[in-house]
Amino acid sequence: MIENCTHCGLCREVCPAEKLGGRTITSLLSGGDEYSAWLCCCCQLCQEVCPEGVDIHQVMMCERRREPAPDPHRRSFENVLRYGYAFPITEDINAMRSAHGLDPVELISAEQVRLLLHCL
Amino acid sequence: MTSNLRFVFYPGCLVLQRMPQYELATKRLLAALGIGLQDMPQASCCGAPVVESFSDEWVYLAAYNLALAERLGLDVLTVCGSCTNSLKRARLALRDPEVREDVNRRLAALGLSVEGRAEVKHLLQVLMEHRAALKESVTAPLRLKVALTYPCQVFRPGDVAAFDDPLQPQSMHELVALTGAEIVETGVEHECCGSTLYTSNQPLALSAGRRKLEASRGADVLVDSCGNCHWLLERMQRAIWAGEPHKRLPVLFMPQLLGLALGLAPDELGVNSRVVALLGRDAHD
């Protein structure tokens with residue numbers, strides 16, 4: 001886990017957000033002090049190249065829970081709690097599907113979502 | 001088709017909501033190859049990273065979808081990187097008896113249970129397993145220059161994905177090579193598209209997309225294999241090329257490109273008119 005990090009900085013070298021000037025959790029791991037785990041692309045490249053096998057994805061998810069979430073992310077999360085999907089998908093979707101020659105789909109019900117995620 | 005029914009189609013939220021073309025092309029292509037596929041009634045979000053960013057309970061959502069597939073006795077076919085990654089990680093987590101017991105307590109309320117029997121495969125993985133059949137089925141070789149972008153989460157973590165190379169995957173190259181199209185190497189094929197940055201930092205996401213599109217300029221089309229990549233690289237091109245609309249590049253989903261090479265009609269594959277014009281074909285042919 002994170003205790004194994006030697007601050008070699010390899011994660012930061014490969015991170016797509018860092019290459020573009022964003023500072024993500026990989027900056028934290030390699031000694032930076034300004035970062036946001038919400039800028040992580042979840043591509044898991046950092047984890048793949050980490051010589052110490054740190055589960056960086058897990059570290060980033062934990063960091064996200066400590067930081068305030070950007071509004072669009074929070075809305076996606078709330079959509080999941082309400083609809084079971086990251087978007088407000090309702091039965092209306094079947095009219096669009098039909099126009100594209102796709103069969104209608106049966107969506108998860110609000111009650112099923114509640115039973116699955118009632119602790120959140 | 002029921003005799004060779006092997007997969008249940010898992011669209012994920014983004015493709016279900018906004019990309020019926022991807023679903024359509026996937027279904028038409030697999031039907032042409034004789035690979036049986038059915039819809040997954042009552043599927044939900046895969047859980048990660050949307051829920052995982054807030055709670056460990058994401059695993060209940062992923063396991064719920066795996067349970068639906070298991071009940072049908074079918075493996076799961078995914079078309080996006082994040083869904084593939086999430087469902088594969090959940091399946092691995094379910095090997096732990098404590099996790100499995102906890103998850104099954106939750107699923108019992110829905111009349112479901114899960115063991116982790118259903119395999120999870122991204123479309124690219126399934127197509128690679130059928131590339132001999134695919135090669136034989138090419139009846140309309142493509143005279144196109146094609147740039148590629150790989151869906152990073154399909155291949156990583158390498159020990160979870162267990163498909164292709166986690167750092168330098170080659171499956172998209174191999175599949176496109178079957179079509180006769182010329183592959184334009186961009187040098188950024190394996191770089192993350194950056195689409196998930198859009199909800200945190202729009203300028204950063206648009207510069208990520210621009211970088212990839214600029215590197216693809218020598219190609220007629222860019223081909224992707226993930227709803228997230230497509231969303232940034234195709235749907236957001238208007239914003240990426242604000243004031244420079246002449247730089248817009250057609251983007252196809254992999255099954256659209258392969259379907260064209262199999263002689264399927266462009267409109268059957270949801271291929272837009274600009275690409276149809278490039279191909280010099282009628283949309284209905």
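This is a predicted model: local features need pLDDT of at least 70, side-chain atom pairs count only at pLDDT 80 or more; totals for chains, interfaces and linings use all residues.
In what follows, Ala, Val, Leu, Ile, Met, Phe, Trp, Tyr, Cys and Pro count as nonpolar, Asp, Glu, Lys and Arg count as charged, and the others, Gly among them, count as polar. At least two lining residues come from each of α5 (56-66) of chain A and α3 (58-72), α4 and α8 (158-161) of chain B, while the most, three residues, is given by α4(B).

The largest pocket holds about 780 Å³ of space, and 34 residues line it, with S76(A), F87(A), V50(B), T199(B) and N228(B) lying nearest its centre. The elements that contribute two or more residues to that lining are α6 (71-83) of chain A and, from chain B, α1 (12-18), α4 (81-93) and α11 (227-235). With five residues, α6(A) gives the most to the lining of the largest pocket, and by class this lining divides into 18 nonpolar, 13 polar and three charged residues.

From the pockets we turn to the interface between the chains. The size of an interface is often given as the accessible area lost when the parts come together. Between chain B and chain A the buried area is about 4800 Å², and carbon and sulfur atoms give 65% of that area. Of the area that chain B buries against chain A, 14% is supplied by L16(B), Q42(B) and F54(B), more than any other three residues supply. In terms of contacts, 53 residues of chain B meet 51 residues of chain A.

The polar side of this interface can be counted as well: there are 20 residue pairs in polar contact between chain B and chain A, both residues being at pLDDT 80 or more. On the side of chain B that touches chain A, at least two residues come from each of α1, α2 (20-32), α3, α4, α5 (97-108) and α10 (202-215) of chain B, and the largest share, six residues, comes from α2(B). The residues on this side of chain B divide into 26 nonpolar, 15 polar and twelve charged.

Side chains of opposite charge can pair when their charged atoms come close. Three salt bridges are counted between chain B and chain A; R97(A) forms a salt bridge with E23(B), where the closest N and O atoms are 2.6 Å apart. Over all chains, a search of the whole structure finds 22 salt bridges. Within chain A, the side chains of E63(A) and R66(A) meet in a salt bridge with an N to O distance of 2.6 Å, and these two residues both lie in helix α5 of chain A, three residues apart, which is about one turn of the helix.

Some details of the backbone remain. Most residues other than glycine have a negative phi, and most peptide bonds are trans. In chain B, the peptide bond from A48(B) to P49(B) is cis, with omega near 0°, and P49(B) lies in the loop between β2 (36-39) and α3 of chain B. The peptide bond from R156(B) to P157(B) is also cis, with omega near -10°, and P157(B) is found in the loop between β5 (145-148) and α8 of chain B. In chain A, H7(A) has a positive phi near 60° although it is a residue other than glycine, and H7(A) lies in the segment before α1 (10-14) of chain A. Q44(A), again not a glycine, has a positive phi of about 65°, and its place is the loop between α3 (25-29) and α4 (45-49) of chain A.

Definitions and conventions
Residues are numbered from 1 along each chain as its sequence is written. Chains are lettered from A and ligands numbered from 1 in the order in which they are written. Side-chain values use heavy atoms; hydrogens and water are left out. On a 1 Å grid over the protein atoms alone, a cavity is a set of points where a 1.4 Å probe fits but cannot get out, and a pocket is an open set with protein on both sides within 12 Å along at least five of seven lines; lining residues have an atom within 4 Å of a point. Grid points are joined across faces, edges and corners, and a volume is the space filled by probe spheres set on the points. Helices (H or I, at least four residues) and strands (E, at least two) are DSSP runs, numbered from the N terminus. Contact means heavy atoms within 4.5 Å. Buried area is the accessible area (1.4 Å probe) that two parts lose on being put together, summed over both. A salt bridge is a side-chain nitrogen of Lys or Arg within 4 Å of a carboxyl oxygen of Asp or Glu. A polar contact is a pair of N or O atoms within 3.5 Å; within protein, one must be able to donate a hydrogen and the other to accept it, and residues adjacent in sequence count only if both atoms are side-chain atoms.
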